[in-house]
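Open the model in your viewer and keep the selection panel at hand.

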Amino acid sequence: MITALRLRAEYRTDSPWVAVARPRLSWIAETDDPDWAQSAAEITLDDGRSTVVEGADHVFVAWPFASLAPREEVTARVRLRDALGAWSEPSDPCRIRLGSVPAEDWRARLIGLAEPTDAAQPFIVRRTITVDRPLASATLYWTALGAATVRIDGRPIDDTVLSPGWTSYADRLVHESVEVTSRLAPGDHVLGAEVTGAWYTESYGFGEEARRVYGDQPSVALQLHLLYEDGTEETIASTPEWEAAASPEVIASGLYEGETIVHSAAGPWWADSSQWPSAREASEQPVPVARFSEPVRRIEELQVVEVLTTPSGRTVLDFGQNLVGRLRLDVEGPAGTTIIARHAEVLEDGELAVRPLRRATSTDTFVLSGEGRESFEPAGTFHGFRYAEITGWPGAMDPDRIRAVVIHSDMRRTGSFRTSHPLLQRLHENVVWSMRGNFLALPTDCPQRDERLGWTGDAQIFAPTASTLYDCNGFLAHWLVDLRACQARSSGVVPTLVPNVFGFAWPAAGWGDAATVVPSVLADRFDDDQLLHDSVDSMTAWVQVELEAAGGAGLWESTLQFGDWLDPAAPADMAGAAKTSPGIVATAYLFRSLTLLAEAAARADRIEDAAWAWERAAEVREAFLEAYVAPSGRMVSDAPTAYALALRFGIAVDPGTRAALAARLAEVTRRDAFHISTGFIGTPLVLDALSDFGYDAEASALLLQTRVPSWLYPVTMGATTVWERWDSMLPDGTVNPGEMTSFNHYALGAVVDWLYRRVAGLEPIERGYARVRFAPIALPGLDDAAVELDTPAGRYSASWRRHDGRIDWTLTVPAHGRADVVLPGLASTEAGSGHHAWSTANPAPNPGSALSLWSPVAEIVLSPPAYRAVMEALESSDPGLADLVRRRTDWTLRTPLAAALFSVPASVVDTVGAVLDALGPPAPAASVQEDDH
């Protein structure tokens, strides 16, 4: 029996509006029946039309009816037939309304201030409209070169912020569609908008090279469609005859600089009866297209957790969480009182650390009118911050009058992870917060400094994790439209930024490969084949650019590359100086994109294109193996990223070679004492490459390492988001001296996808999670792990827990899913829909030999308590001593620890020996032979 049945159209669940006349339909059933299966679906509209779709398809099912007309609304329901022929009850109704305006029907003109006095000047535009008879419906379409809040009679028409967001303005402008019937009773009304420059008027570039790329002044266009009850229609569209005036309150606004708001005792602008000047018509008049992704909204509010007084006597508010948004103040004070709020992510020496912001001042200024309690919240800017420095507050600071308003694109949360390991749990939450802050209108690198750009490399690296944590299919599909447009402007080269505000583009491996990776991830995770089909030409163009840059289907070593960006061994001022050769990274990505293109072309029935791509991939594989991989399994760059690329991208296919590469990967991981030694490229791959071959102890030691550099080091330093660098903050609490340092960058958080797939065991093996492989790794060092994941197949949940000498495993499979179950000590089996549980033995480890100064360093490092004790003893003597010993020691050797401490003072060596003696025998490391995890 089906207990719930949910239907949606296209991507959005937050709105009935769709951007296409033939919206695809998806549904999810919930049932307690074991092994339930769908055999058919009946889709019915409220006007009586219906059709039956045979089979099990339930994701992005083609629209089976006539195309929708503009503004046409229908209500759809679905009911399902099971394998025995029984029909379910219909689903709840799903409202669907076409939000797009045909290009020939778009009449609104982009308008702005006729005589602005400042660059990027905020303004207000308005018109009085008369509704002279009852309305059947009223629909407002609007867009802006900038950002706007649209109001009718002073009330915002919706709850979005910073709309319509940021797109590649030269190629695409998005319009919003809003139902406003209830706001327009017969009579006069004031329709208007408050407009700021936002992304359109921002200056992009570094240092003195920064400049306005798009324009100096914002503009807005509004088109109101009225359908009266008598059947007549009227369209009211913005023209230069509308009134426009400089904003009386928002005096200045910039994404990087912040906003200045001045309240006055004058009445609101929508009640002002004076005559304003006419607007100007913007020089650009693009015809906008309908939004199909979720807009930015206020998602939650955070209270002040502590009021700090800095060494210089300043007042700083700590919100306890690094976030993206702005402040809302409720305050009373004399007229002219000026409150200044400065924002930053961290403190340094007890003061606001603003150096990492570079030229972004991130300062908001609020001037009181003196008219009772006043509320302030910026409208055209946002900041990345945990701390806010407040000056000018009238009277005693009242933290209850201030909130941090969290904003981001309003995607639906899909993944949750739980473990009793507190640092790992916090790491997961840090990744969630970093995604939230950087998925704001488009996927950005960071939300705080003078950048906040759509770096393509960051997006492709993080796409699998993003697709796990949130339903970001529409969000990323929306961004890919701009990627394809920017690519077309660059003759097939995918820019490193989308939108490409730098203007130039060159083929950068790992960054340009967003064109192949991101569509493939979305097709696999969300079963969005249409998106993949739409991307094949873009994928082909990018691969051809790669081949040309490489000089053919061989090694790609002749062009500038980012390589394994931000390898922890790279100097602070040379982020690309990685241990792995840029040629290895570039050639591996050339192979990866060729294989992804081949798979996508095959799905799109472009068989000849697929065969061509497979042939080129084979040639690249041969060149890679010949140049970079020795018969012994050593690689030219003897670094984790190199081995992980060869293994995870499927370049090495011979079983013996793969086993040798994996063994060496485990060895170099031990060599670095289980400190992370990968940059952007290797970080998402290294744990998979280890766990694929059963090196679970090494994977665990790498994941759970707490000393710098590691995933958990920032957590021990109080991080609440993912850092750009492994050491964005140094152990002494100072900010990394590099010019490029952010405390909110999601790329290194790409490890989270591995937690869901491998540690919890929900690995998709068919598109849309129609089938998963449940083969969780009871990771050494963890007592438990549990996940819940909403997928196109429904909600999966999986968990394991050590308990009384056993491990309990559970799996819940949704109605549209199936699972291949592979658990230690049990025969492999298949699980259908429903809840499943197993229990297996958890053998107690045999005690190992006691460790001492004369134990090999290879044995010391395999005992996390022993290694930690040694490092803490060294550090207690000299903060830099532990790091020196760690970096100069090859921890795979049989050399006694005492020999590795050759330059350490004798008294400190004695202390190390004493702490090891006090530990007793260690628990042995898990075996590291290959298995079928």
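Axes here are lines fitted to C-alpha atoms, for helices over the stretch in contact, and angles run from 0 to 180 degrees between N-to-C directions. Helices (H or I, at least four residues) and strands (E, at least two) are DSSP runs, numbered from the N terminus. The model is predicted: local features need pLDDT of at least 70, side-chain atom pairs count only at pLDDT 80 or more, and totals for chains, interfaces and linings use all residues. Residues are numbered from 1 along each chain as its sequence is written, and side-chain values use heavy atoms, with hydrogens and water left out.

**Helix pairs**

Select residues 456-469 (α3) and 514-526 (α5); their axes come within 9 Å and cross at roughly 5 degrees. That makes α3 roughly parallel to α5 (under 35 degrees; over 145 is roughly antiparallel, 65 to 115 roughly perpendicular, the rest oblique). Contact means heavy atoms within 4.5 Å. On the α3 side show T456, A459, Q460, A463, P464, S467 and T468, which meet A514, V517, V518, V521, L522, R525 and F526 of α5. These residues divide into 9 nonpolar, 4 polar and 1 charged (Ala, Val, Leu, Ile, Met, Phe, Trp, Tyr, Cys and Pro are nonpolar, Asp, Glu, Lys and Arg charged, the others, Gly among them, polar).

Next, select α16 (864-877) and α17 (881-888), whose axes come within 7 Å and cross at roughly 135 degrees. That makes α16 oblique to α17.

**The core**

A nonpolar core is a set of buried Ala, Val, Leu, Ile, Met, Phe, Trp, Tyr and Cys residues joined through side-chain atoms within 4.5 Å; buried means under 20% relative accessible area, exposed over 50%, partly exposed in between (1.4 Å probe, protein chains only). The largest core has 180 residues, and W711 is among those that touch the most other members. Helix α7 (582-603) gives the largest share, 12 residues. Center on W711: leaving aside neighbours within four places in sequence, its contacts include L427, W726 and V751.

**Loop residues**

Go to A441, in the loop between β36 (439-440) and β37 (442-443). A441 has a positive phi of about 75 degrees although it is not a glycine, and is buried at 15% relative accessible area. Then select P499, in the loop between α4 (473-489) and α5; the peptide bond from V498 to P499 is cis, with omega near 0 degrees.
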